[in-house]
Structures are given as C-alpha cells and as structure tokens.
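Please look over the following notes with the model open beside them. They are given as numbered points.

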Amino acid sequence: MEANMDCGCTNCTCDDNMETITNPCPECGTPGNQISEKAVKANLKKEAARNIKGNGIYLCPDEECGVSYYSEDYSLKFDLSDLKRPLWYKKDSDPVIACYCNNITEKQVVDAVEKHDLKSWQDIVFHYREKTLCLCKKINPTGECCTDFFYSVINKTLKSIGKEPVPVPAGCTC
Ligand SMILES: [Zn+2]
C-alpha cells in the first residue's frame, strides 16, 4: 500500500491543482484570466483566430506586456498586433476604447462629459449612436462588461472639471 502524501490525503492531487490555478503569461509571468473562446475570436484578426481550436485561452492582464492572449498549453501566443482593436488597459493603446460594443473611445466619453454634461453610460452612448448594443461578454476583449472602466472615465473627467462624481452602477448597465 502506498504511503500518504505529506498533506495527509491519499491519491493526492494537490500538485495538479496548483498547476491549474496559475497560468502565468509566457512573456511576463503575470497570472492570466481565462476568457471565453467567443470573446477571444471576436477580438483576434482572422488569421490569428483560425488557430484556436478548443484550447483554453487566457488574457495577460499586465499593462506593460506585449502579449494579449495565450493558450493554456502555451502552444499559442498572440501579441497586441494580432488584435483587431487595441486592448484598453495596455500601455500606449490608441485609441483607448471605453465601450467595445458601441465602439466608443475614452476621448468620446471625456468630450461628452466636458462639453455636453452627460454622465451615464446610456446618455453617452446615445449621444454618439442611434441605438445601444450590449455584447460585452461576446466582444469585450476581457470578456467582462465595460461598465467599471466606462464610469472610471466619466468620474475622472467630472473630477477634472470640478464636478461631483456619479455612483458606479453595480453590475452591467447596458
Ligand atoms: Zn504578459
């Protein structure tokens, strides 16, 4: 009979578990966030997206790192030039996109707040678009809703012009 492992459990899989928790970026070593394949494919250029076939895909959250996505087994690695549109939190992104669903940039949000006194996601998107789309889970490159970042831009701008910040809605506002 086999001896128990150090941790006390038989058939210990603790080591395996540790491996699945950390999936660091192959370039910078920052732990990545797993992203749905749909969101990844929506943001990669066609040639790059073609290579994804059921690999678990992770996003590098480090703003300095040039890697966007990579696969769990590290057979795939995409850099920022493989993306259709820049990743908003990466250094030197131009333009910085605040809402991917409606294609609204950080600069457009700032303008709407400064020049038109608008301070909600709905009002700002309607200022630029005929209708509002909400597809964050599908097309935001982080697979998450744009609300937090969008409102951080609104409030940063309000503050810069000496106005009171607005409360950030809980959850997705679109
Ligand atoms: Zn990285």
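1. Residues are numbered from 1 along each chain as its sequence is written.

2. Leaving aside residues up to four places away in sequence, Thr30 touches Pro24, Cys25, Cys60, Pro61, Asp62 and Cys65 (a contact has C-beta atoms, placed from the backbone, within 7 Å). Cys65 is 35 residues from Thr30 along the chain, and their C-alpha atoms are separated by 9.2 Å.

3. Confidence is given as pLDDT, the predictor's score for each residue from 0 to 100. The protein averages a pLDDT of 88, and 87% of the residues score at least 70. Among the elements, helix H1 (residues 14–21) has the lowest mean pLDDT (45) and H4 the highest (98). Over residues 12–21 the pLDDT is below 50, and this stretch has three contacts in the model beyond near neighbours in sequence. Where pLDDT is low, the predicted coordinates should not be read in detail.

4. Helix H4 (residues 106–116) has Glu106, Gln108, Val109, Ala112 and Val113 as its buried residues. These pack against strand E5 (97–99), strand E6 (104–105), helix H5 (121–128) and helix H7 (147–160). After H4 comes Asp117, with a positive phi near 55 degrees.

5. In H5 the buried residues are Trp121, Ile124 and Val125. Seen down the axis of H5, they fall within an arc of 95 degrees, so they line one face of the helix (the arc is that of the directions from the helix axis to the C-beta atoms). Their packing partners are E5, E6, H4 and H7.

6. H4 and H5 pack at an angle of about 100 degrees, with their axes 10 Å apart (axes are lines fitted to C-alpha atoms, for helices over the stretch in contact, and angles run from 0 to 180 degrees between N-to-C directions). The two helices, H4 and H5, are therefore roughly perpendicular (65 to 115 degrees). Gln108, Val109, Ala112 and His116 of H4 meet Ile124, His127 and Tyr128 of H5 in this contact.

Conventions:
Predicted model: local features only at pLDDT ≥ 70, side-chain atom pairs only at ≥ 80, totals over all residues. Buried ≥ 20, exposed ≤ 12 C-beta atoms within 10 Å, placed from the backbone. Helix = DSSP H or I, 4+ residues; strand = E, 2+ residues; numbered from the N terminus. Contact = placed C-beta atoms within 7 Å. Parallel < 35°, antiparallel > 145°, perpendicular 65-115°, else oblique.
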